[in-house]
Amino acid sequence: MKTAFIFPGQGAQFVGMGRDVAEQFPAARTIFDKANNIVGFDLAKVCFEGPAEQLNTTTMSQPAIFTVSAAILEVMRNAPSLKPDVTAGLSMGEYTALYAAGSLSFEDGLLLVKKRGEAMQAAAEASSGGMVAIIGLDEEKTKALCKEAGQGELLEPVNFNCPGQIAISGTKSACQRAEQLAPEYGAMKAVRLEVAGAFHTSMMTPAAKTLSDVLAKTKISEPADAKVIANINAEYYGSAAQVRDSLSRQLVQPIYWQKCVERLLADGVEKFYEIGPGKVLTGLMKRINRKASIENISNVAAISEMTAKT
């Protein structure tokens, strides 16, 4: 039976995440201690205690989610019979997927997502952008909504998460118009996302350039322990050069999570494990394919049950 480990991205964070895992499992606590040393501040404390305003920033949430996911993964590795055939991650979660597949070291992965968050925040502050989740429209209608609401300004679909859920990204004024117009197109609702800027659009070009420079200096290997599927095209990585190119392009191009999951299902994956804080990907899976088998591994109870099985 083919298995996939999947990892959440920005937005999955919450105050208290990973605390029970660190308290219960020494292997997880070791990961948090390593993270603190690498970033030079008490990242674990921010994960465990907040405040939420700090944890939810782009610069903090990305390394925090990466660390929590890696800590849970470290405990899962104590069950050697449970190994993934493929890994995947939503947006920032792709870095965790690459780490899980042996393409990145923990230190390099953490430093990359830290730099990624900083670069995205800087690009956001230099522009005026936002994102809106459109619920209940297909791709064609979402594109039509963006065209009318954009009025010549940047506004485009960028996160294809699951059927009926597409996030659009662009200037703040265009996003506001899209919120108002969405009901006219038949949308169930339009939800403004609490993000710093217009992620996955050309507004992130400065961030992509910064990240590309960092990626060029980072040791990256072709995934060896499992296949890794890329967000931007639902294709498997075949080289380190592809990893570098895709991760930088990811900041300015759409994310096709639904296509990634559908590709994995078509390629024979029968069991998915969501590893990390929250249950975002588990929820999306139910919308993509209700029959797909997925287990959420986000707390001590779930980890203990899983390791007991294996």
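Buried means under 20% relative accessible area, exposed means over 50%, and partly exposed is whatever falls in between (1.4 Å probe, protein chains only). Keep that in mind for the close-ups below. The model is predicted, so local features need pLDDT of at least 70, side-chain atom pairs count only at pLDDT 80 or more, and totals for chains, interfaces and linings use all residues. Residues are numbered from 1 along each chain as its sequence is written, and side-chain values use heavy atoms, with hydrogens and water left out.

**View 1. Phe5 and Tyr273 form an aromatic pair.** Phe5 is buried, at a relative accessible area of 3%, and Tyr273 is buried too, at 7%. A pair of aromatic rings is described by the distance of the centres and the angle of the planes. Rings of Phe, Tyr and Trp (its six-membered ring) pair if their centres lie within 6.5 Å; planes under 30 degrees apart are stacked, over 60 edge-to-face, and the rest tilted. Here the centres are 5.9 Å apart and the planes make 85 degrees, so by those cut-offs the pair is edge-to-face. Phe5 belongs to strand S1 (residues 2-7) and Tyr273 to strand S8 (residues 269-275), so the pair ties together parts 268 residues apart in sequence. Helices (H or I, at least four residues) and strands (E, at least two) are DSSP runs, numbered from the N terminus.

**View 2. Phe66, Tyr99 and Phe106 are linked into a cluster by ring pairs.** The structure holds six aromatic pairs. Arg77 lies over the face of Tyr99, 5.1 Å from the ring centre. Elsewhere, the charged end of Lys259 sits over the ring of Tyr256, 4.7 Å from its centre. To count as sitting over a ring, NZ of Lys or CZ of Arg must be within 6 Å of the ring centre and within 35 degrees of the ring normal.

**View 3. His200 is tucked into a loop as a buried residue.** The loop runs between strand S6 (189-192) and helix H10 (205-216). What is the relative accessible area of His200? It is 4%.

**View 4. Arg177 and Glu153 meet in a salt bridge.** That label needs a side-chain nitrogen of Lys or Arg within 4 Å of a carboxyl oxygen of Asp or Glu; this pair is at 3.3 Å, N to O. Arg177 sits in helix H9 (residues 172-181) and Glu153 in the loop between helix H8 (139-150) and strand S4 (155-162), so the bridge ties together parts 24 residues apart in sequence. Arg177 is buried at 18%, while Glu153 is partly exposed at 34%. The whole structure has 13 salt bridges.

**View 5. Asp213 and Lys209 make a salt bridge at 2.9 Å, N to O.** Both are in helix H10, four residues apart, so about one helical turn separates them. Asp213 is partly exposed, with a relative accessible area of 36%.
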